[in-house]
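Reader: Please take a close look at the place where the two parts of this protein meet, and describe how that interface is built.

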Amino acid sequence: MRESTLSPLDHATAAFREVLSPYDGRVVGAVALTPAESVDAIVRAARSGAEQARALSRHDRGKLLDAAAALMDARQAEFAQTITAESGKTIRQARKEVLRAVNTLRLSAVEARRNAGELIPFDSYEGSEDRMGWYSREPLGIIAAITPYNDPLNLVAHKVGPAIAGGNAVILKPSALTPLSAQLLGEVFAEAGLPAGILTVVHGDRDVAEAIVRSREVRMVSFTGGFAAGEAIARTAGLKKLSMDLGGNAPVIVMDDADLDAAVPACVSGAFWAAGQNCVGVQRILVASSRYHEFRRRFLQETSRLVAGDPAEEATDVGPMISSAAVDQLQARIRAAVASGAAVLAGNTRDNNVLHPTVLEKVPAGSRLWTEEVFGPVVMLQPFTTFDEAVETANAIDFSLHAGIFTGSLDVALDAAGRIDAGGVMVNDSSDYRFDGMPFGGSKYGGLGREGVRFAYEEMTQPKVVCIKRLG
C-alpha cells in the first residue's frame with residue numbers, strides 16, 4: 001500500500017484518506033488530506049517557490065525536467081502498477097501512459113531551453129529606425145493544476161512539466177479517486193532536485209480546490225474535468241487566466257470509400273480504450289449507408305474479441321470504470337435511450353464495476369446518451385446518406401474536442417477538416433489519437449485554451465517587451 005510522502009501536513013496530526021481499487025475495492029494506498037484552512041500557508045510557500053523557479057536558468061529548468069523524466073523512465077513498472085491499482089486502467093494501457101508521461105516531461109525540457117522569446121524588428125517601422133529589442137517569455141507565478149482520474153499521470157505531467165519549464169510554481173490537486181500517481185510524480189521531482197515550494201501536491205475535497213482557485217495570488221488555473229466543475233471554477237476564480245479541457249463527444253465519419261481494415265480496429269480501440277473513460281474516445285460512429293451493414297458486422301465481431309475484467313492481467317483489454325456510481329449513471333442513460341427506441345447490439349452487461357463493451361444503434365438524437373459525453377465503454381452507430389448530413393450530425397453537439405474521418409479522398413478529408421467543429425480532426429485515424437506535442441483542446445464548450453507542451457508553456461507564460469533606443 002502506498003502512503004503519502006509529500007503532504008504539507010505533519011503526518012502525526014493529518015487525517016488520511018484511503019485509495020480504493022475500482023476493480024475489487026481493496027485499499028491500494030492512502031494520502032494525507034489538506035484542510036481548507038491550510039491553503040493560505042500553502043500559497044505563501046508557493047509564492048516563495050515561484051521566486052525560486054523564476055530565478056532558475058532555462059538550462060537548470062530543462063536539466064530538472066530531464067532528470068525527472070529519467071527517474072520516471074527507470075521506475076516504469078512502479079508507475080504503471082500504481083496507475084492500474086488506483087484507476088483500473090489495464091496494465092498494458094498503463095505502461096503506455098507512463099511512456100507518454102516521460103515524453104511529456106522531455107518535451108517540457110526542450111521547451112524550457114528553446115522557447116525564450118524572439119527579436120522584435122522595431123527598426124522596420126517608420127519613426128523607430130533607432131530602436132531595437134525583443135520580447136522574452138516570463139512566468140506567471142503560481143499556477144493551480146486540477147487533474148482528473150482517467151489519465152492520472154500523463155495529464156498531471158501535461159500541467160506540471162510546462163509550468164516548471166516556464167519558471168512557475170505549481171499547486172497540484174489531483175483527483176481524489178487517483179491521487180497516488182501524482183504523489184509519485186511529486187516524489188520523482190523532489191528526487192531530481194526540484195527546490196521545495198516549486199511543486200506542492202495537495203489532497204482534499206471541493207473546499208480545498210475552491211480555496212486554491214479563489215486565492216488572489218494564484219495567477220492561472222489549469223483544469224481538466226467536467227463542464228459543471230469548469231463553470232464553478234470560472235465563477236470562483238476571479239481575474240486570472242483559465243485553461244480548461246471540459247470533455248468531448250467525438251464523432252467519427254466512415255465514408256463509402258473507407259478502408260474498413262483500418263477503420264474498424266481503430267474505432268474499436270478508440271471506443272473502448274481505458275474503458276471508454278477518454279475525453280477524445282470514439283462515441284458516435286457515422287457510417288455511409290452503403291457500408292453500414294458491413295461495418296456494423298465487422299465492428300461487432302472485433303468488439304466481441306475484447307477481454308473485459310481484471311486490469312492487472314496482461315490479456316485484459318477493458319478494465320473497470322472508476323466507480324459503481326459511474327456505472328450506475330451510464331446504465332441509467334442506456335435504459336433511457338432504449339426506452340426511446342435505441343437497440344443494444346452488444347454488451348450492457350456488468351461485473352461489479354466492469355461494464356462490458358457496449359454498442360448501440362438507433363439512439364435518438366435528443367437522448368443524453370447521444371448529446372452528452374458518455375465517458376464509459378459505450379459507442380453508438382448511425383448510418384448517413386450524404387456527406388453534408390454526416391457533417392451536420394457530427395457538429396450537432398455542444399462539446400467538441402476531436403473528430404475523425406476515414407476516407408480515400410483527399411478532397412473529402414480536407415473538406416471535413418475545414419467544416420467539422422472540433423479542436424482536432426484525425427484523418428484515417430480514430431478521434432482518440434493524440435501526440436503530446438500537438439495543440440490539444442476543444443471548440444464550443446469543449447474547453448478554453450490549449451494543452452500540448454509548447455502550447456501549455458505559452459499559456460503559462462507571458463511576453464515581456466524590452467525596447468532600446470540608441471542615443472546620439
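**The interface of domain 1 and domain 2**

Author: In this predicted model, the rule finds four salt bridges across the interface of domain 1 and domain 2. Polar contacts between domain 1 and domain 2 amount to 17 residue pairs, counted where both residues have pLDDT 80 or more.

On the side of domain 1 that touches domain 2, the elements that give two or more residues are helix H3 (76-87), helix H4 (91-114), helix H5 (154-165) and helix H15 (453-459). Of these, H4 supplies the largest share, with nine residues. Sorted by class, this side of domain 1 holds 15 polar residues, eleven nonpolar residues and nine charged residues.

As for the two partners themselves, the domain assignment gives domain 1 as 16-246 + 446-467, written as two segments, and domain 2 as 250-444, so that helix H15 (453-459) falls, by its numbering, in the segment 446-467 of domain 1, because the bounds are those of an automatic or database domain assignment. The C-alpha centres of domain 1 and domain 2 are separated by 30 Å, while in the contact itself 35 residues of domain 1 meet 38 residues of domain 2.

The size of an interface is often expressed as the accessible area that is lost when the parts come together. For domain 1 and domain 2, the area buried between them is about 2,900 Å², with 53% of it on carbon and sulfur atoms.

Notes: Residues numbered from 1 in each chain as written. Predicted model: local features only at pLDDT ≥ 70, side-chain atom pairs only at ≥ 80, totals over all residues. Heavy atoms only, no water. Contact = heavy atoms within 4.5 Å. Buried area = accessible area lost by both parts, 1.4 Å probe. Salt bridge = Lys/Arg side-chain N within 4 Å of Asp/Glu carboxyl O. Polar contact = N/O pair within 3.5 Å; in protein donor to acceptor, adjacent residues only side chain to side chain. Helix = DSSP H or I, 4+ residues; strand = E, 2+ residues; numbered from the N terminus. Nonpolar A, V, L, I, M, F, W, Y, C, P; charged D, E, K, R; others polar.
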